[in-house]
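Hello,

Here is the structure I promised to pass on to you. Please open it first, and then read my notes below with it in view.

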Amino acid sequence: MSTQPVLVATDLVAISVLAFAVYFPRHHRRDLITAFLGINVGVLAVAMTLASSSVGIGLGMGLFGVLSIIRLRSYEIAQHEIAYYFSALAIGLLNGIPEETSVLPVSLTALIVGTLYVADHPRLFARHRTRGLRLDSAYTDEDALRAHLEELLGGRVVNLSVKSIDLVNDITQVEVRYVVPGRTTAAEQIPDPVRRPEVRA
């Protein structure tokens with residue numbers, strides 16, 4: 001008796017938890033829910049079809065690579081969303097390739113979901129921030145720029161990267177990573193790619 005329905009159920013439960021219980025409550029992007037579910041179920045179906053033929057795992061891994069390139073070239077997404085996207089692909093392959101249920105794919109599926117839950121938790125490095133800023137001053141002195149950013153953002157700058165300095169229009173574009181002091185509120189724990197406003201100073 002085939003145990004593939006168990007693998008299908010495992011996949012659907014895992015991707016549902018990942019998309020609806022982990023990703024969406026934290027990032028609230030409805031369009032990526034569709035992408036995660038669609039790519040996961042699509043890869044699962046194709047992987048199961050390939051596993052029952054003579055093409056084997058090699059083509060399945062090739063499919064993983066091709067889909068990744070197509071998706072990543074078609075639309076710019078944040079780094080944490082790339083992690084969710086690859087996880088959806090991996091879960092589909094893990095449960096689509098085996099012809100029989102075993103502890104390994106189920107355990108690895110749970111490991112992927114658990115890893116994303118912990119790695120993307122709002123309380124993990126909750127005081128660390130990343131901002132892309134456009135300042136209405138041309139800063140050629142990095143120390144002065146750092147001091148201004150710390151005063152502006154109310155935190156300790158740990159890394160800054162000047163993207164451009166326009167001396168004619170008196171503009172500096174910079175990406176800064178900083179740590180806010182003290183305790184943070186729930187609103188402040190929203191991951192930075194979701195809240196990247198342009199700050200003018």
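**How the helices pack**

Helices H1 and H5 pack with their axes 10 Å apart, at an angle of about 0 degrees. Since angles under 35 degrees count as roughly parallel, over 145 as roughly antiparallel, 65 to 115 as roughly perpendicular and the rest as oblique, H1 is roughly parallel to H5. On the H1 side the contact is made by Leu-7, Thr-10, Ala-14, Val-17, Leu-18, Val-22 and Arg-26, and on the H5 side by Pro-105, Val-106, Thr-109, Val-113, Leu-116 and Tyr-117. Contact here means heavy atoms within 4.5 Å. The axes are lines fitted to C-alpha atoms, for helices over the stretch in contact, and the angles run from 0 to 180 degrees between N-to-C directions.

Before going on, two notes on the source. This is a predicted model, in which local features need pLDDT of at least 70 and side-chain atom pairs count only at pLDDT 80 or more, while totals for chains, interfaces and linings use all residues. Residues are numbered from 1 along each chain as its sequence is written, and side-chain values use heavy atoms, with hydrogens and water left out.

H1 also packs against H2: their axes come within 10 Å and cross at roughly 165 degrees. That makes H1 roughly antiparallel to H2. Among the residues that make this contact are Leu-7, Asp-11, Ile-15 and Tyr-23 of H1, and Ile-33, Phe-36, Asn-40 and Leu-44 of H2.

The axes of H4 and H5 come within 9 Å and cross at roughly 170 degrees, and these two helices are therefore roughly antiparallel to each other. Ala-83, Tyr-84, Ser-87, Ala-90, Ile-91, Leu-94 and Asn-95 of H4 meet Pro-105, Leu-108, Thr-109, Ile-112, Val-113 and Leu-116 of H5.

**The chain as a whole**

The protein chain has six helices and three strands, in the order α-α-α-α-α-β-α-β-β along the sequence. Helices (H or I, at least four residues) and strands (E, at least two) are DSSP runs, numbered from the N terminus. Of the 201 residues, 35% are buried; buried means under 20% relative accessible area, exposed over 50%, and partly exposed in between (1.4 Å probe, protein chains only). Among contacts between residues at least 6 apart in sequence, 67% join residues at least 24 apart.

Which residues have the most contacts inside the largest nonpolar core? They are Leu-18, Tyr-23, Phe-36, Ile-39, Tyr-84 and Ile-91, in a core of 21 residues. Helices H1 (4–27), H2 (30–51), H4 (79–96) and H5 (103–119) each supply at least two residues of this core. Apart from it lies another core, of twelve residues, including Leu-135, Tyr-139, Leu-145 and Tyr-178. A nonpolar core is a set of buried Ala, Val, Leu, Ile, Met, Phe, Trp, Tyr and Cys residues joined through side-chain atoms within 4.5 Å.

Leaving aside neighbours within four places in sequence, Ile-91 is in contact with Asp-11, Ala-14, Leu-18, Asn-40, Thr-109, Ile-112 and Val-113. Ser-87 is found in helix H4 and counts as buried, at 8% relative accessibility. Not counting residues up to four places away in sequence, Ser-87 touches Leu-18, Ile-112 and Leu-116. Ala-110, in helix H5, is partly exposed at 48% relative accessibility. From C-alpha to C-alpha, Ala-110 and Ile-91 are 9.2 Å apart in space, and they are 19 residues apart in sequence.

Thr-172 sits in strand E3 (residues 171–179) and is buried, with a relative accessible area of 0%. A polar atom of the Thr-172 side chain lies 2.9 Å from the backbone nitrogen of Tyr-139. Beyond its neighbours within four places in sequence, Thr-172 is in contact with residues including Leu-133, Leu-135, Tyr-139, Val-162 and Ile-165.

Most residues other than glycine have a negative phi. Phe-125 is not a glycine, yet has a positive phi of about 50 degrees. Phe-125 lies in the loop between H5 and strand E1 (128–135) and counts as exposed, at 62% relative accessibility. Asp-170, also not a glycine, has a positive phi of about 60 degrees. Asp-170 is in the loop between strand E2 (156–166) and E3, and is partly exposed with a relative accessible area of 37%.

Definitions and conventions:
Polar contact = N/O pair within 3.5 Å; in protein donor to acceptor, adjacent residues only side chain to side chain.
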